[in-house]
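Good morning, everyone, and thank you for making time for this.

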Amino acid sequence: MDLTTTYLGMKLRSPLVPSASPLSEDIDNIQRMEEAGAAAVVMHSLFEEQLLLERYELHHHLTQGTESFPEALTYFPDSMSFRVGPETYLAHIQKAKQKVSIPIIASLNGSSVGGWTNYAKQIQQAGADALELNIYYVPTDIELTSNEIEQTYMDILRAVKAAVTIPVAVKLSPYFTNMANMAKRLDEAGANALVLFNRFYQPDINLNLLDVEPNVLLSTPHSMRLPLRWIAILYGHIHAD
């Protein structure tokens, strides 16, 4: 059976691409995924917070905007909780490219344009075949309008596209007033692919300790319904994969 397909301009032997996860932190695991049939691998994410921490004090970022990002500073007490720094991340991409023949897709996680377009360039220089922008944004400013929120996505995408020549995918949530229009705008802004969808991690509150604690629930078969619906709706209406 011929399962070959194209994604981000690359010809893949199948549509099976492991998404960003701790599995890709180990080169041996990436090799095992290739041997098991993965057509490409999305690396674990490099977080915007990691880049900001190079310029600002740690505690400033532990207290400001912490509800905006998943798997990042919201739930961790100090910088030691980060799995990997920017330089290590770039070196990891280089090592992975030397060990496997399948495409390596890097992942940047953030919610603002910031200075991380510079790291997009370095990720390309490290040998990544493509870049996935994991835009995770939970607006809490009561004065912020939907137009401003959507424009942030466009600004991030355009800034990164201007910085690199490798294909760029955008991973986003379904929670827009008009998801179809948002997909169309991202397509027109240069997204080579849309990854449907980002999951919103909702922490619990420990009433005994009066503290926020992680409460990550694993996917169920019902989780397929939302992305399948939107893949069907968008199919044939946008150019992005």
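This is a predicted model: local features need pLDDT of at least 70, side-chain atom pairs count only at pLDDT 80 or more; totals for chains, interfaces and linings use all residues.

Residues are numbered from 1 along each chain as its sequence is written, and side-chain values use heavy atoms, with hydrogens and water left out.

The protein chain has eight helices and nine strands, where helices (H or I, at least four residues) and strands (E, at least two) are DSSP runs numbered from the N terminus. Of its 241 residues, 45% count as buried; buried means under 20% relative accessible area, exposed means over 50%, and partly exposed lies in between, with a 1.4 Å probe and protein chains only. If we take the contacts between residues at least 6 apart in sequence, 71% of them join residues at least 24 apart, a contact being heavy atoms within 4.5 Å.

Let me turn to the strands, and start with S6, residues 168-172. Is this strand enclosed or open to the outside? Five of the five residues of S6 are buried, so the strand is largely enclosed by the rest of the structure. Val168, Val170 and Leu172 lie on one side and Ala169 and Lys171 on the other, and with these buried residues both faces of S6 are covered.

S5, H6 and S6 together make a right-handed β-α-β unit, and right-handed means that, with the strands pointing away from the viewer, the path from the first strand over the helix to the second runs clockwise.

S6 is also joined to S7 by four bridges, and these two strands run parallel. Val170 stands opposite Leu194 in S7, and Leu172 stands opposite Leu196. Between S6 and S7 the chain crosses through helix H7 (residues 179-188), and this β-α-β crossover is right-handed. In S7 itself, residues 193-196, Ala193 and Val195 point one way and Leu194 and Leu196 the other, and all are buried.

Which residues have the most contacts inside the largest nonpolar core? They are Leu133, Leu172, Leu186 and Leu194, in a core of 52 residues; a nonpolar core is a set of buried Ala, Val, Leu, Ile, Met, Phe, Trp, Tyr and Cys residues joined through side-chain atoms within 4.5 Å. The largest share of this core, seven residues, comes from helix H6 (residues 146-163). If we leave aside neighbours within four places in sequence, the contacts of Leu186 are Tyr153, Met154, Leu157, Val170, Leu172, Ala191 and Leu194. There is also a second, separate core of 12 residues, which includes Leu12, Ala39, Ile105 and Val195.

H5 (residues 117-125) has Thr117, Tyr119, Ala120 and Ile123 as its buried residues. Seen down the axis of H5, these fall within an arc of 150 degrees, so they line one face of the helix; the arc is that of the directions from the helix axis to the C-beta atoms.

In H4, the buried residues are Pro86, Tyr89, Leu90, His92, Ile93 and Ala96. They cover an arc of only 155 degrees around the axis, which puts them on the same side of H4. On the other side of H4, Glu87, Gln98 and Lys99 are exposed.

I will close with the backbone, and with a reminder that most residues other than glycine have a negative phi, and most peptide bonds are trans. Leu8, in the loop between strand S1 (5-7) and strand S2 (10-12), is not a glycine, yet it has a positive phi of about 55 degrees; Leu8 is buried, with a relative accessible area of 4%. Leu210, also not a glycine, has a positive phi of about 50 degrees, but Leu210 counts as exposed, at 72% relative accessibility. Finally, a cis peptide bond joins Leu196 and Phe197, with omega about 0 degrees, and Phe197 has its place in the loop between S7 and strand S8 (204-206).

How values were computed. Two strands pair if DSSP finds at least two bridges between them.
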